[in-house]
Amino acid sequence: MQFHHHGYVSGDPRVQPAAGTGIDRPAELPDTVDVLIVGTGPAGMIAAAQLSQFPGITTRIIERREGRLVIGQADGIQARSVETFQAFGFAGRITEEAYRITEMAFWKPDPAAPSNIVRTARPIDDPTGISEFPHLIVNQARVLDYFAEVMANSPTRMTPDYGWELVGLDLTDDAEHPVHARVVRIADGGSAATGGGEERTIRARYLLGADGARSRVREAIGCTLDGTQANHAWGVMDVLAVTDFPDIRTKCAIQSEAGSILLIPREGGHLFRMYVDLGEVREGHEAAVRATTIEQIIVKANEILHPYTLDVKDVAWHSVYEVGHRITERFDDVPPEQRDRRTPRVFIAGDACHTHSAKAGQGMNVSMQDGWNIAWKLGHVLEGRAPASLLATYNAERRVIAQDLIDFDREWSNLMAARPEELADPTELEDFYVRTAEFPAGFLTRYAPSLIVADTRHQEIATGFPIGRRFRSAPVVRVCDGNPVHLGHHARADGRWRIYVFAPADRAPLERLAGWLADDPASPLAATPPGLDRDHWFDVKVVHPQPHTEIDLPAEPAVFLPRSGPFQLIDYEKVYAADPRDDIFAARGIHRDGAIVVVRPDQYVSAVLPLDATDELAAFFAPLTGAPVD
């Protein structure tokens, strides 16, 4: 973590100096904003946390609740999400308090006594080592707390505006703030259903609806959730209990003659969650199933766990739901026939545009990637870094990912609900879990070529960084102090593009590239506005193939030793060397002639280029820099 570059810091370095809209930030919800976010769920909060890093942008996030979420329904944190938390600065702290999944146990009927269950398999959670980050379980409320801390400590000093409910939304011909959102203050006794309370109209340049499966924003832009509702019900409960079941602190998939349970241990060492199979829902009996009591769920759980028993002492939360798989036809306000005529102003994310079962542990994780995807793009457009056409890539990228998730979740849910005798192979469930591990971990997302994703013509020079997929970090050695670090862990959610230069042993090509980056008018760095630090928009790093002891740091090109802050201090933490114990060039298939790897602000690889492909690098960034604000 870097600080002191604006002067000595004696307090918490995570608290950034207030700047821009964070100076004398009004406590009351203003009449006009740049971005209005509706809903403080995972998608809304990560979007707000990202936009809080843009001091010149006025962003407000409203929530109908009176305060922070106390008990969240989501709890699974996949490795990709922990990787994301690293960028926001709290991966280590949330990992310390979370439950870590390292393996999963599978239980099935005992062939010798089918009314009893026995353990049949216990595969490890990450058999191929796809990430250095763990798979965690932690309450959704804590995830939101951490994002709220990021917002509060940001230059904009952002905090949620609790007690406000969206009641209506209009797109107008207002040139500056075309989105008019009608809101009512719940704290005054008002609501969409009862009226009353202070009602106001907030005028915004853009609006993000992260307001859940019953989204009013989705309704206002004419979208519907379409899909299927499975006729299978589940009871879910977070409980404290005394039991003789031996794997109560291990994630388990339990299939018995009486039904199925997905067991999820929770943080804190005692709490656990059970998704309990309530069986098929007959037509006309939906209301009765939804009225299933917690006592009935506990009885059913004991039937499934036989011969083990579950004595529930306390229930933190419970619910009954039917599995549904639904998605909207688009994730913004632009119908297909208007795509070539205008850019979007309203967006929806998370449950507002895709719903699925909770058992795959994907809802919160995919929703956060929705929010991060659109937030940095809004930041770039509003700051004039990019054209408004960038915003169209949100719908193009995220709807495909949501559909892939629904297809995966449908298969997983069907397998979980099946009786053992209904499976073609007794090991089908655990085989599917192991075979598809990379997808639920969040690492199979691949964005198609677009304005911000180049083609793959040069992919062979860095095969371990597939274009369109997330930048997979690897160990390196920081030259200035000899510290072993993970290259990707230094990247923060600060809205900057990353340009990683993997150097050849011959310095001549590196020197030519460095000179072009620093001085050529076609270089993307030339787009950085006067008065800002040279690396304010672009974070440029170099990785050398030789040991760090052989690198002459003062001789490095100036573009890799940028100066920042009022004292123009030198940043020494952008020059790295391969770790001889785990060579990044070999691990990521990087050609020894070198390579340029361009990474988006949300950690996805945008381009792979040879060191001499400066024309291609310039052409890639030309549409993305210096555009006028729409």
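Begin by selecting Val-400, which you will find in helix H9, and keep in mind throughout the tour that the model on your screen is a predicted one. Is Val-400 buried, exposed or partly exposed? Its relative accessible area is 47%, so Val-400 counts as partly exposed, given that the label covers values between 20% and 50%.

Next, go to the loop between helix H9 (392-417) and helix H10 (428-435), where Glu-421 is found. With a relative accessibility of 61%, Glu-421 counts as exposed, because exposed means over 50%.

For the last stop, turn to an open sheet of three strands, which are arranged in the order E3-E7-E4 with antiparallel pairing. Which strands form the edges of this sheet? They are strand E3 (76-77) and strand E4 (99-101), each of which pairs on one side only. In general, the strands of a sheet pair through backbone hydrogen bonds, and they may do so in a parallel or an antiparallel way. To look at one such pairing in detail, select E3 together with strand E7 (residues 135-137), two antiparallel strands that are joined by two bridges. Finally, pick out Ile-77 and look across to E7, where its bridge partner is Leu-136.

Definitions and conventions:
Residues are numbered from 1 along each chain as its sequence is written. This is a predicted model: local features need pLDDT of at least 70, side-chain atom pairs count only at pLDDT 80 or more; totals for chains, interfaces and linings use all residues. Side-chain values use heavy atoms; hydrogens and water are left out. Two strands pair if DSSP finds at least two bridges between them. Helices (H or I, at least four residues) and strands (E, at least two) are DSSP runs, numbered from the N terminus. Buried means under 20% relative accessible area, exposed over 50%, partly exposed in between (1.4 Å probe, protein chains only).
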